[in-house]
Amino acid sequence: MVNKGIFLNGDNGGTFLHFGSYQNSCISDPTFCGPEGITFSFFWKNHEEESRFAVASGGKVISNGFSVYTNPFGGYVEFYTRGNNHRWKANIKVPGPYWTHILFTFTKLDGLKVYINGTLNASDPDGSSVTQFYGDPYADLVIGTGNDRAYGHYVTGAFDEFVIWERALSPNDILLYYNAATGQEFVSTIPPTVSEEVTSTAPSVTASEVSRPLVIRPFEEVQSSKDPGPMPVFSFLKEMPNRTIPHNTANNLTQTFLKSVEEVLSSPGLPEQDMPVVSGLIDTVDRVMEHMVTNLEPSPKSLLSLGGTSLVADYSLMKFPQNYNLQHYRFPTQGKSYISVPGEALTMQSQTTIVALYYHNMHSYYKEISPVKTRINEAVDFQDHKIQVASYLISLKVEPSPALSSNLSGAPLIKIVLTHVLNKEQQEQVLNQSNKVFLYCAFLDYSSNEGVWSSEGCVRSGGNMTYSVCLCNHLTNFAILMQVVPLELTTGHRAALSTIGYVGCSISIFCLAITLVTFAVLSSVSTIRNQRYHIHANLSFAILVAEILLLISARFEPGTLPCKVMAVLLHFFFLSAFAWMLVEGLHLYSMVVKVFGSEGSKHFYYYGIGWGSPLLICVVSMTSSLGSYGEVDNCWLSLTNGAIWAFVAPALFVIVVNIGILISVTRIISRISGESYKIHGDANAVKLTAKAVAVLLPILGISWIFGVLAVNSHSLAFLYIFAIFNSLQGFFVFLFHCLLNSEVRAAFKHKTKVWSLTSSSIRNINVKPFNSDIMNGNKEGVNPTKMNTWDKSTNSANRIDLSAV
């Protein structure tokens, strides 16, 4: 309950007020009403034009009971009895978005009478016969929806002071009550002959809940008047005395007025629906304060000051005598947020008044400002992205107006420093590097009789994401507006990256297939049968399947079962690819940096890492968040609820480990190459380091680091590098570890000779053995290179097997 009334948020919230069951009583069944009748009274602020029940009790549309109903053409109050098929109906004007008092009485003798704001508005004394019959009555009394739970629609609006008298009030009683409820002067109270009075303002409940009625006292504040219109605070200025106001009176009036503003702002409907009302309220506050300081009892020689704080704002009203020596003005005098006027802009040649306000929570009502409804040209360029107020509002009014520069690069100018006030969601948006954040120095422009945010005559001259410094050449209400725009690739870049992906993946799939076939055909050759080529084959298979699935997944719609299955398979095989990249790194480390274990002992661990660990991660991820697979945008993990870390975290771990291994291996190769160059003068040995790095990058997955760097459009180059290198990862594996690999080429040459000899049935010829020279790629008649793997030279103490690179 806010402002002691209850706001019902329509179909969006599914809320209504439930007052319990009144089975077999006049409240739910008019046939039980005695000759004294019954009266229903409530205040209503309607926020919609749809067809809805406002209040209902008893049966359905035509049964025992009553209802207050509205539709786009009008409204009506209706009483109905099932036993004799009789109905009393009175048409009423649908209330607007302001408090309206609805009261209706019913007696069997006088029928139905409806009073609006204390005055008889419509009646139906005799009723009419109806033939419709709609079944059993419902005894619940509800506000905001139909009495039948199957109705399913809910009113948007506010209700207050729902009162039931178990007798029909007289016109005089009704007027007395209305005047009392609206704070107008009255002499007597409703006579004590009322048998029972029920004043209910029940807590709102969802459509699936039912609560017991809550009985409280009526609210005492002014909420409405006979003249339907906006909140009474807007007419406060009209009630202000247009004469000199003593200091104490002005102070009391200011506090009372700000208290009324506070009560208006407490309405829960304002943040979602009433930004224009809030803007009008700010303008009203400014005008009332100006009126107050203008009419302050003057003092010819001394400064008059009125200041204080309330829940709405800190305020300062000052009245300076003519020729007062004011060097500089700043409000508030302390704190990081302030507004200041340089002394040279204040002429002080006549009596000068200053009104300053620092609003505490007005900014929270401006959550979604449409850029097209502002006068901020930069914001309109991104009209699909809403604007929010990101600071407190600060207001300053000086009369006569200060002499300010018309040029924003000149002087003097108004300086405004405002600290940003961001909620958790806004902070996350600001920190997200895939968003671009625009900050505007803006003010509420009332030149068109309504508050429109504008940036004309203001410029943001400094600050960061925590505060802003603005320079302006006029005075009014100021605030910092924030617009968050997700950075999106242009259509051209999207098409280019998509083409690179499809072409690169297709080439990689073809090359990886050739690589696997080559390894399978040459598996009988001893050099290809070792553990290193087993690892290459498993990595090639994982990448091959992952990229085939990636191309296929584009054909499925997110949210479908095939898409979810595809997302799970993609997760597993891409994780497996990374796991085998880790195995590649560990195997390289064991051969070059630190020899440990035999090939047989490592074989089991390698397969456990390569296929077992991805399976375990996928099972845990599916168990905890299966709904995160293939639901939004594509057949992949959700990017919104943290599920993506089931892939990103293992991938980053592999990249970091393999970078460390690559650095260690590169240092060793560089050292050995340098020593060999000094001793043998073999210039080719110096190139070994660069070649080794180029050969190792595809199998260690280091190129995926570009995917981490490509986080926004400022890293567009990294995005293209990432797309090229990773879509062609299979091609590079084929190029460096199959096509250009000396061992594979030598093995293929040997295998070709065997096939040639077998096919020509020449069996008596001596086949040249597949010796180490051939294995190392040395030509016949040429001396082995001095970098032979196990050369017993000055490097023999290293005992390093460089055949891995």
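Is the crossing of α9 and α18 left-handed or right-handed? In this predicted model, the crossing of these two helices is left-handed. Two packed helices are described by the angle between their axes and the distance between the axes. For helix α9 (residues 491–521) and helix α18 (residues 729–739), the axes cross at roughly 35 degrees and come within 7 Å. On the α9 side, the contact is made by Ile507, Ser508, Cys511, Leu512, Ile514, Thr515, Thr518 and Phe519. On the α18 side, Gln729, Gly730, Phe731, Val733, Phe734, His737 and Cys738 take part. Nine residues of this contact are nonpolar and six are polar. None is charged.

Strand β8 (residues 100–107) was examined next. Eight of its eight residues are buried, so β8 is largely enclosed by the rest of the structure. Its side chains fall into two sets. Thr100, Ile102, Phe104 and Phe106 point one way from β8. His101, Leu103, Thr105 and Thr107 point the other way. Residues of both sets are buried.

Strand β8 has pairing partners. With strand β3 (residues 38–46), β8 pairs in the antiparallel sense over seven bridges. Here Phe43 stands opposite His101 of β8. With strand β9 (residues 111–116), β8 also pairs in the antiparallel sense, over six bridges. Thr105 stands opposite Lys113 of β9. The strands β8 and β9 form a hairpin, and three residues lie between them.

An open sheet elsewhere in the chain contains five strands. Their order is β18-β19-β23-β27-β26, and the pairing is antiparallel. Which strands stand at the edges? They are β18 (328–331) and β26 (458–463). Each has a single partner strand, so one side of each is left without a neighbour in the sheet. From one strand to the next, the twist averages 20 degrees.

Ser628 lies in the loop between α12 (599–625) and α13 (645–680). Is Ser628 buried or exposed? Its relative accessible area is 3%. Buried means under 20%, so Ser628 is buried. Apart from residues up to four places away in sequence, Ser628 touches Trp636, Leu637, Ser638, Asn641 and Ala643.

Definitions and conventions
Residues numbered from 1 in each chain as written. Predicted model: local features only at pLDDT ≥ 70, side-chain atom pairs only at ≥ 80, totals over all residues. Heavy atoms only, no water. Axes fitted to C-alpha atoms, helices over the stretch in contact; angles between N-to-C directions. Helix = DSSP H or I, 4+ residues; strand = E, 2+ residues; numbered from the N terminus. Left-handed = near helix turned anticlockwise from the far one by under 90°. Contact = heavy atoms within 4.5 Å. Nonpolar A, V, L, I, M, F, W, Y, C, P; charged D, E, K, R; others polar. Pairing = 2+ DSSP bridges. Buried < 20%, exposed > 50% of the residue type's maximum accessible area, 1.4 Å probe, protein only.
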